[in-house]
Amino acid sequence: MGSFYITTPIYYPNAPPHIGHAYTTVFADTIARYHRLIGDEVFFMTGTDEHGLKLQRAAEKMGISPEELVDKMAEKYKWYWSLLDISYDHFIRTTHDYHERVVKYAMNKLYQDGLIYKASYAGWYCVSCEKFYSPGEYIEVDGKPYCPIHRKPLEWLEEETYYFKLSEFEDFMKDVLRNRRIVYPESYAQEILGKIEKDGLHDVSIARPKERVWWGIEVPFDPDYTVYVWFDALLNYLSGIGYLEDMDKFHKYWPEVHHVIGKDILWFHTAVWFSILKALDVPLPKKLLVHAFLINRGLKIGKSAGNVIAIEDLIDRYQDSSGVRYILMRLFNMAKDIEVTTELFDSIYNSELADTYGNLVRRVGVLVKKKLEGTAEGEEIDEELEKPLRETLRIYREAMDEYDVSKALTAIMDLLRRANAYINEKRPWEKQDPSKELYTLLETIKYSTIMLYPAIPRAAQKTADALGYKITNPYQEPPSTQKKYEVKQALILFKKIKV
Ligand SMILES: [Zn+2]
């Protein structure tokens with residue numbers, strides 16, 4: 001038992017969240033719920049990144065103030081996260097004053113330590129990324145530089161700015177990426193290391209002139225500037241856990257921090273973030289968990305690519321959060337992009353949730369009601385399922401501890417398929433007293449449901465309530481054994497989708 005701190009990136013609320021945000025957030029939630037299940041004290045944080053030019057412009061276009069826009073959007077994000085049963089402990093907004101204080105403190109400290117200096121900058125800039133692109137990074141369309149992510153023309157920008165001396169951290173970063181296993185999977189560390197070895201680490205601009213970007217946190221030592229939105233945003237991981245203001249809380253959780261990010265923001269979360277932490281004398285995160293993308297027609301899903309899949313459409317199609325969460329976690333892949341299609345989603349939902357888990361829960365419920373008047377008692381479970389059950393609990397834990405949610409879910413489905421085969425074989429409906437078989441099946445369902453709980457909390461809770469057991473730590477010693485089940489209801493958990 002220990003503390004566990006997990007974060008999602010804070011999202012840029014210029015549009016509502018879509019399936020890509022859900023992919024990251026449901027994963028973080030699943031890991032958070034798993035750690036609560038096994039007895040850890042968990043702090044799970046998500047939120048919104050509320051400053052910067054893009055929001056300033058969006059608000060101008062809508063004829064409202066940026067404050068009004070971000071207030072509205074933060075509520076929208078919370079609403080979507082409630083649809084998906086995201087169990088965050090804190091929703092951070094970078095417009096909160098405690099966050100602003102941490103950003104100003106960090107700017108001042110770095111400035112006083114000689115790590116921030118003023119100089120001019122010129123380059124090609126993507127407004128949507130809020131990022132300068134150097135030759136080789138941007139793509140060209142009709143000879144003009146375009147953003148490789150947004151596929152929109154870049155703007156030429158020249159201005160006086162403040163730089164953070166990232167170059168001073170080159171050796172430090174190489175050492176971290178080579179020798180410390182923070183970035184996971186490891187291949188992403190190699191990718192960044194390769195980039196640093198090839199190009200070196202260059203100083204980065206961390207301020208914007210207020211006349212262009214006024215919607216931001218003021219640079220404490222120069223009121224003509226606002227803090228660059230990336231520098232501002234990264235510090236949420238510290239401010240959200242009480243840095244400077246509640247150091248007990250900070251010291252309790254920070255050593256266990258796990259950042260979940262998509263691979264597109266890998267650079268900022270390694271080269272830039274690790275260097276900022278070093279500059280602030282704050283230990284590096286325990287883990288940076290990086291995942292690949294869901295793609296559609298070969299492109300990362302996003303507003304700019306025009307291939308957004310709406311969360312509400314998914315919820316409509318797959319009933320509630322459980323169907324959607326299961327599909328996303330079943331496909332979750334840290335290393336490889338996954339092409340999504342309705343056919344793929346439907347087939348996972350139908351074959352695994354409806355035909356395997358849902359079907360077993362329904363059949364066993366009906367049989368216990370019919371043959372045992374709703375009460376199944378037993379001492380021990382049939383060894384035919386006992387061994388596979390114990391093995392699944394082992395694989396599950398190992399997989400979850402390696403953040404391999406998909407492998408964990410696959411193992412549970414294998415067990416549930418065996419349980420369905422066990423019913424077909426034993427034919428409890430023909431037996432005078434099928435107590436042993438049905439008790440065995442209820443125990444198997446109970447443990448499977450508990451293991452499924454982090455990914456599909458809503459359906460798991462429904463099943464537990466209907467079949468009469470509690471969602472508790474499956475690994476506690478001695479194991480809590482249940483001798484008697486009072487089945488309340490033969491549930492139909494998942495309605496099959498007609499394809
Ligand atoms: Zn861009």
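**Entry 1: the second largest pocket**

I began with the elements around the second largest pocket: β5 (131-133), α6 (186-199), β10 (204-205), α7 (229-234) and α10 (266-279) each give at least two residues to its lining. I keep in mind that this is a predicted model.

Next I looked up the volume. The second largest pocket holds about 630 Å³. Its lining counts 25 residues, and F132, S134, E137, V204 and W267 are the closest to the centre. I then sorted the lining by residue class. I found 13 nonpolar residues, five polar and seven charged.

**Entry 2: β4 and its partners**

β4 and β5 are antiparallel and share three bridges. The two strands make a hairpin, with four residues between them. In that turn I noted E130, whose phi is positive at about 55 degrees.

I followed β4 to another partner. β4 (residues 116-126) runs antiparallel to β8 (residues 155-164), and ten bridges join them.

**Entry 3: a sheet of three strands**

I moved on to an open sheet. Its three strands come in the order β16-β15-β17, and the pairing is mixed.

I checked the link between β15 and β16. β15 (residues 294-296) is antiparallel to β16, with two bridges between them. N296 faces L299 of β16.

**Entry 4: two domains**

Last, I looked at how the chain is divided. The domain assignment lists domain 1 (3-317) and domain 2 (342-486). I noted 40 Å between the C-alpha centres of the two domains.

How many residues of domain 1 are in contact with domain 2? I read off 16, against 21 residues on the domain 2 side. Interface size is often quoted as the accessible area lost when the parts come together. For domain 1 and domain 2 the buried area is about 1700 Å², with 65% of it from carbon and sulfur atoms. On the domain 1 side, R33, Y34 and L37 lose the most area to domain 2. Together these three account for 37% of what that side buries.

Conventions:
Residues are numbered from 1 along each chain as its sequence is written. This is a predicted model: local features need pLDDT of at least 70, side-chain atom pairs count only at pLDDT 80 or more; totals for chains, interfaces and linings use all residues. Side-chain values use heavy atoms; hydrogens and water are left out. On a 1 Å grid over the protein atoms alone, a cavity is a set of points where a 1.4 Å probe fits but cannot get out, and a pocket is an open set with protein on both sides within 12 Å along at least five of seven lines; lining residues have an atom within 4 Å of a point. Grid points are joined across faces, edges and corners, and a volume is the space filled by probe spheres set on the points. Ala, Val, Leu, Ile, Met, Phe, Trp, Tyr, Cys and Pro count as nonpolar, Asp, Glu, Lys and Arg as charged, and the others, Gly among them, as polar. Two strands pair if DSSP finds at least two bridges between them. Domain bounds come from an automatic or database domain assignment. Contact means heavy atoms within 4.5 Å. Buried area is the accessible area (1.4 Å probe) that two parts lose on being put together, summed over both.
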